[in-house]
Amino acid sequence: DSALTDYKATRAPAGRDLLRPIIEAFRAEGLRIGLYHSLLDWHHPEFPIDGMHPQRDDAGAIAAAKGRDVSKYADYLHGQVEELLTQFGRIDYMWFDFSYPQRVWGGKGRQDWRSEELLARVRELQPDVVVNDRLDVPGDVTTPEEYQPAAPMAGDDGLWEACQTLNGSWGYDRDNLNWKSPEMIVRMLVDGVSKGGNLLLNVGPNARG
């Protein structure tokens, strides 16, 4: 229930905060709490259109967005992260996603997010938190995506995790039947552990959860 925007679950048909009961349910089972937070917010009025944006081919939208100020968006980003790290007790893992300074035109990275400042604030608010490596500055965990490294990957602390999907889609995709076999998933787990890594295995739930 962010105080920084009206674009939130409490203003949607749900009419309530959806994050707190999830965190409380996990914590009640003795599980640690990790939060995924997107650095990209295409809904925000100050987020500049770039080569990753869904309106990247819309000349009218690009022209209308010409005056957008990414520094104002960064203020909002920092504010939302602060809310997440002060309203829900101890947070064990912050999983940011993602930076792309050279990937496309108008790509965004550490200067746009003010990553050094953001990471320092994260560690100030939650001194024991683990942070991944996608702020475009060194983090605690290296996160190769959709591939198994040929050798151990050494981040600042030598921690890494392979981020894998069950079928190549991070969200629910009814028509994607390209499922990894159980044997492949077990082999990925064994492969990662044998190299000192972890397996982050994604499940894309449908509308019924």
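Of the contacts in the protein chain between residues at least 6 apart in sequence, 57% join residues at least 24 apart, where contact means heavy atoms within 4.5 Å. Before going on, the basis: this is a predicted model, in which local features need pLDDT of at least 70 and side-chain atom pairs count only at pLDDT 80 or more, while totals for chains, interfaces and linings use all residues. Residues are numbered from 1 along each chain as its sequence is written, and side-chain values use heavy atoms, with hydrogens and water left out.

The overall fold comes next. The protein chain has six helices and six strands, in the order α-β-α-α-β-α-α-β-β-β-α-β along the sequence. Helices (H or I, at least four residues) and strands (E, at least two) are DSSP runs, numbered from the N terminus. The C-alpha trace spans about 50 × 40 × 40 Å along its principal axes.

Now burial and surface. Of the 209 residues, 39% are buried. Buried means under 20% relative accessible area, exposed over 50%, and partly exposed in between (1.4 Å probe, protein chains only). The chain exposes about 12300 Å², and carbon and sulfur atoms supply 53% of that; the areas come from the Shrake-Rupley method with a 1.4 Å probe, and for residues only the protein chains shown count as cover.

Take helix H5, residues 115–125. Its buried residues include Ser115, Leu118, Leu119 and Val122. Seen down the axis of H5, the buried residues fall within an arc of 95°, so they line one face of the helix; the arc is that of the directions from the helix axis to the C-beta atoms. What do the buried residues of H5 pack against? The partners are helix H3 (70–86), strand E2 (93–97), helix H4 (110–113) and strand E3 (130–131).

Last, two serines. Serine 181 sits in the loop between strand E5 (159–165) and helix H6 (182–194). Serine 181 is partly exposed, at 30% relative accessible area. From serine 181 to leucine 166 it is 15 residues in sequence and 8.5 Å in space, C-alpha to C-alpha. Serine 194 lies in helix H6. Is serine 194 buried or exposed? Serine 194 is exposed, with a relative accessible area of 57%. Its C-alpha atom is 25 Å from that of valine 129, 65 residues away along the chain.
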